[in-house]
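Have the viewer open and follow along.

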Amino acid sequence: MLALASCGDDGESTCPTAGPFDVGTEGHAEPLASAAGEARAGRLRADQLPVVPSGLITWQAGDFVLANAKVALVIEDVGDSDLYDPWGGRPVGLGRIENGQLVSPNNFGELLLLTGRSTLVTDSVSVISDGSDGGPAIVRARGKLHPLPFFDALTAAIYAEAWLDIDAAIDYELAPDAEHVDVRFRFSSPRAEAKDLPSVMHAFMFTKRTPVFQPGRGFDEGLSGAPWIALVDDAATSWAYLPGEGQFGTSLAASGFLGSFSPGFTMPACGELDRLHAKLVIAPRRRRRAGRGRTCTRRDPARDHGHGEPRGRAHAIDSASGAYLSRVSTAPDGSFTVHVPAAADVRLDVVRRGEPIVQKQVGTGTDAGAIALGALGTIQVVARDGGTAVPARIQLVPAAGQTLPEIPPNYGEPKIAGGRLVIDYATATGSTLRVPPGAWEVIVSRGFEFELFRQTVTVAANATVTVDAQLDRAVPTIGEQCADFHVHTWRSNDSGDNGVDKVRQAVADGVELPVRSDHEWIADFSAEIAQLGVGAFATAIGSIELTSMEIWGHMGVFPLVPDPTAVNNGAPKWQTFPTADSPGTPFELLSPPAVFDAVRARPEAPIVIINHPRGGANYYDYVGYDPVTGLVSSVADWDLVLSSRC
């Protein structure tokens with residue numbers, strides 16, 4: 001209807017010249033082999049994709065890449081897409097280029113590229129310029145605009161217009177030697193009249209994987225007034241996002257979704273519009289240059305937490321304004337280099353968990369020299385059930401008047417949970433904890449079946465205290481197993497926890513059946529159980545939390561077998577929408593019974609659990625279920641299988 005309303009009475013376009021944008025080529029055969037002063041674009045082979053330790057990145061062989069001698073951005077090919085935007089042609093990963101190879105891939109989440117509430121139903125992805133002429137390399141995604149399905153019920157209240165009649169393209173442009181990619185929207189309008197779009201929404205998913213940093217404020221998701229943000233990956237390549245027009249305005253951060261608004265624009269009548277939507281800045285490897293970096297050293301060596309000296313982190317603060325500038329983790333030898341404005345007087349705050357912040361003023365153009373931190377002690381803990389070592393939760397609480405210093409939240413440091421210096425989830429091999437000298441209460445637990453073990457120890461610098469925690473079983477559970485059917489990892493938008501840590505937590509608390517239920521992605525913990533060697537304590541079961549985005553609720557579905565060849569590992573569909581292969585498919589929200597019936601018909605014959613059924617847009621409230629009468633106000637949406645069980 002919207003498409004017809006924008007045209008003449010006979011349904012013909014009022015602008016005969018309007019239409020789809022051009023399609024390019026396959027691009028350069030060796031897109032990663034750019035020399036200095038050159039940029040290239042082309043398809044990636046499987047051998048050119050680096051291993052991503054988290055396993056979260058969704059890129060594949062055949063996707064497109066923009067690369068120069070410094071940085072690279074990967075654009076998904078046309079077709080069905082994983083995660084929340086179902087259409088190809090969007091960024092799916094980035095990293096640095098070293099010696100003609102893509103390295104240090106960012107733990108990339110998802111970037112939503114929107115015109116109002118709509119984006120492209122991509123019908124082609126191609127290379128408009130492969131860079132062989134010495135100019136920018138350009139990859140284009142082309143298609144027609146359509147509301148982004150998964151959150152249209154929310155965004156339709158903000159943007160009434162769907163722009164269904166607008167042909168559009170997203171051009172990604174990388175210049176030689178540049179460290180940023182321009183993201184340009186191009187529109188071809190058949191409308192007889194121009195129309196204003198009041199604002200542009202910039203939106204990010206999975207921000208808990210790579211915390212959000214903004215200049216002057218540090219790690220803070222309140223974006224109003226920010227000129228840019230960075231998504232920080234301490235273990236790989238970080239990147240920044242700059243709105244094309246103006247700065248970030250009003251923002252919303254919820255459950256790993258971050259959205260913000262910048263000024264809108266006017267969709268032209270009978271013509272084309274080319275506008276810069278954003279710049280994506282990819283951080284290349286930095287080498288120290290005069291005036292940019294200051295080298296600072298610690299007295300103690302630094303190694304991974306739990307296996308030696310816990311690493312510290314240095315935070316650079318502008319001494320005059322108090323603005324947060326940057327942070328950096330220490331190297332294994334205790335040294336670090338942090339880049340700050342050349343003219344700034346800087347205060348370095350060195351943070352190590354459980355200790356007061358060590359501060360040092362650093363004048364303009366000088367290095368910090370040595371920053372001494374105190375020597376630590378060691379607590380070694382092994383939990384036993386009888387004579388057998390078992391996994392356990394280990395907590396360290398300050399004793400004898402000790403306190404844990406507070407760290408400003410915008411420093412992005414792990415929170416002190418419940419006044420605990422450490423909450424460690426140890427496997428049967430026990431745990432080695434490096435701690436500041438002093439008195440600590442060691443609390444060891446293993447779920448509800450065992451009594452707590454408590455012991456207070458005093459630790460001296462450079463000394464080791466051993467705790468042999470003999471756990472007393474209070475509740476015999478022979479023939480029974482403990483299960484958790486609702487476990488999220490950072491594969492879910494609302495979680496920042498990796499899968500290995502979730503398994504450690506489960507077995508430490510005596511959960512034998514940790515059921516992985518990530519939002520909109522089928523998976524299990526089989527790889528993590530094998531990696532940790534805890535097969536004697538846990539078994540993997542595949543599952544999903546089926547998530548109708550704030551419409552009729554969230555459902556746990558298990559058991560399910562992941563299908564790596566399918567979208568989102570085979571996640572059930574709760575909407576229909578157009579695709580590149582089927583552009584005429586209607587956009588429709590499926591009814592709960594239709595979705596549940598389709599789920600139960602799968603070969604695994606899974607069970608459906610109604611997760612958090614009350615409150616807000618959840619199932620029992622959606623159907624108007626009355627627990628007293630057993631009746632519902634929306635009979636068509638009530639599932640009869642659930643009715644028979646209630």
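What follows goes from the overall build to the cores, then to the rings and one lysine.

**Overall build**

Keep in mind that this is a predicted model. If you want to set up a box, the C-alpha atoms fill one of roughly 85 × 75 × 45 Å along the principal axes.

Of the 646 residues, 52% count as buried. Look at contacts with a separation of 6 or more, and 66% of them come from residues 24 or more positions apart. The protein exposes about 26900 Å², with carbon and sulfur atoms supplying 53% of that.

In soluble globular proteins, nonpolar side chains tend to be buried together. Here the largest nonpolar core has 99 residues, and the members touching the most others are Leu112, Tyr172, Phe204, Ile229, Trp239, Tyr241 and Tyr619. Strand E11 (residues 195–205) gives this core its largest share, six residues.

Which residues does Phe204 contact once its neighbours within four places in sequence are left aside? They are Glu110, Leu111, Ile229, Leu231, Trp239, Tyr241, Phe248, Gly256, Phe257 and Leu258. There is also a second, separate core of 24 residues, and it includes Leu396, Leu404, Leu421 and Phe450.

A search of the whole structure turns up 23 aromatic pairs. One aromatic cluster is formed by Trp552, Phe596, Tyr619, Tyr620, Tyr625 and Trp638. Tyr619 has already come up, as one of the residues touching the most other members of the largest core.

**A lysine to look at**

Finally, zoom in on Lys502, which is found in helix H3 (residues 499–508). Is Lys502 buried or exposed? Its relative accessibility is 18%, so Lys502 counts as buried, the cut-off being under 20%. Leaving aside neighbours within four places in sequence, Lys502 is in contact with Val487, His488, Thr489, Asp497 and Phe525.

Technical notes
Residues numbered from 1 in each chain as written. Predicted model: local features only at pLDDT ≥ 70, side-chain atom pairs only at ≥ 80, totals over all residues. Heavy atoms only, no water. Helix = DSSP H or I, 4+ residues; strand = E, 2+ residues; numbered from the N terminus. Buried < 20%, exposed > 50% of the residue type's maximum accessible area, 1.4 Å probe, protein only. Contact = heavy atoms within 4.5 Å. Phe/Tyr/Trp six-rings, centres within 6.5 Å; stacked < 30°, edge-to-face > 60°. Areas by Shrake-Rupley, 256 points an atom, 1.4 Å probe, with all protein chains shown as cover. Core = buried A, V, L, I, M, F, W, Y, C linked by side-chain atoms within 4.5 Å.
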